[in-house]
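Keep the structure in view as you read.

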Amino acid sequence: MPQPLSNLFDLLRYHPEEPLLFTSGLFLFLFLGFTFFYGFMRRTVTLRIVYVTLFSLYFYYKTSGLFFLLLLFTASTDYCIGHFIASSRRRGARRAWVALSVCINLGMLGYFKYTDFLIGILNDFLADPLEFQNIFLPIGISFFTFQSMSYIIDLYRGKVRPLDRWIDYLFYISFFPQLVAGPIVRARDFIPQIRQRPLIVSRAQFGEGFWLILCGFFKKAVISDFISLNFVDRIFDNPTLYTGLENLTGVLGYAMQIYCDFSGYSDMAIGIALLLGFRFNANFNSPYKSATITEFWRRWHISLSSWLKDYLYISLGGNRKGRLRTYVNLLITMLLGGLWHGAAMRFLVWGGLHGAGLALHKMTMRIAPGFRATGTEMPRWRRVIGIIFTFSFVCATWVFFRAESMEVAEQIFLRIFTEFHPEIFFDFVAGYKWVLLLLGIGYALHFTSARFEERTLQMVRRLPIVVYALLMTGLIWLIMQLNNGDVQPFIYFQF
């Protein structure tokens, strides 16, 4: 086979060891080619939709192989179920169709995410253990199933109208910027944008999109990857080799790593969508500035927390069935939210702690109304104390989220509280100066004021295109200087 043709087939083929990432050179190359042709289709709505959908399916194929067929299956079944719901006159029939959709989506999600976990538990009680192979988890399955379920439930509740064209629904489910790691886009927010004509990307929108991509790239490839590879992973791999001071810094490092990793992906997804003429809602809003745990969940992974609230917490009864039931509903919601992240006891502990924290805060607000949900109305001194307390609680729970087992989490806490050794501080700083520098930059940028962020965005929107190119070139150069390994996958790819 001629070499050019062989290279083309290699480009089209799925490589399990190298899934397609926003931060890879291959994606940049493909996206530039995609946008070149996309520019000619902005006024031809149906052609544009088909073109973007085909690229999205190719993008998902490059991340999960033939499991892109699951995406087609989900889109096809829920598109048909949506029409059955809309045409049914009896409430019972409509509820049955919703139940069918939920069973299909959760059944598919449960098989791929929890079969190994359940068989492992079963084998603990069997004299002759069952033999099974690890089941591959398709990237992003948790996100596109939740997104499809939101359409069906909103349709049942009368908040959206059924889509007339299957290709439009497939476009909504498969849209590649947010396909594999969110944000979870609601049908009522996105569907009205699908057939907008003409599709116009203003200069301000282009500047904002570029800035979000640049910020997301910096968060992920510079801060998150560097502190992960050079410090955080070492601590969590074997915490007993390090002092309590190093373990505590590792926990603070992971808090920044997961924020930069996930919010970095969200920034890039929102930025890429803006360049294509579509707008997503914000998914993060400086969560570590939160003065209460309730405020934290209004700032962290907003698309998931609002999804859990609207489709799980409210469905359980919300706060409509008395105080005790409200607290129980919060706990159940967060326990299931923890289980959504993974089938392991540590995720249940993480979710349970957050559920208990939310319930305790709601209880506290009844006793002391000054501790409001958002915390923005607190006196400054109380808000500062609230931020420190909330951040400490969130970091403590991150230990369970990151540790490979409950034993590792226990080791980390033991080292922090019994083997702190502050006398090594200066040697520690000297040995990890670049890690600590990037960690400090990450926290400094995170705690900048919203007014400063808005002013920066307004300035960037007015920059000429050549400056955008120079900024991106400079960032790529910086990444090359810091990079000491392969491109790291996003943390939320495993969910």
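Start with Thr243, which is in contact (heavy atoms within 4.5 Å) with Arg415, Glu419, Phe420, His421 and Ile424, leaving aside its neighbours within four places in sequence. Thr243 sits in the loop between helix 9 (203–237) and helix 10 (244–275). Helices here are DSSP runs of H or I with at least four residues, numbered from the N terminus.

This is a predicted model: local features need pLDDT of at least 70, side-chain atom pairs count only at pLDDT 80 or more, and totals for chains, interfaces and linings use all residues. Residues are numbered from 1 along each chain as its sequence is written, and side-chain values use heavy atoms, without hydrogens and water.

Now compare burial. Buried means under 20% relative accessible area, exposed over 50%, and partly exposed in between (1.4 Å probe, protein chains only).

| Residue | Relative accessible area | Class |
|---|---|---|
| Thr243 | 13% | buried |
| Ile184 | 4% | buried |
| Leu324 | 65% | exposed |

Ile184 is in the loop between helix 7 (166–174) and helix 8 (187–194). Beyond its neighbours within four places in sequence, Ile184 is in contact with Phe143, Phe146, Gln147, Ser303, Leu304 and Trp307. Leu324 belongs to helix 13 (residues 323–341).

Last comes helix 18 (residues 433–446). Its 14 residues should span 20 Å at 1.5 Å a residue, and its end C-alpha atoms are 20 Å apart, which agrees. The expected span is 1.5 Å times one less than the number of residues. Val435, Leu438, Leu439, Gly442, Tyr443 and His446 are buried in helix 18. Seen down the axis, the buried residues of helix 18 fall within an arc of 135 degrees, so they line one face. That arc is taken from the directions from the helix axis to the C-beta atoms.

How values were computed:
Helices (H or I, at least four residues) and strands (E, at least two) are DSSP runs, numbered from the N terminus.
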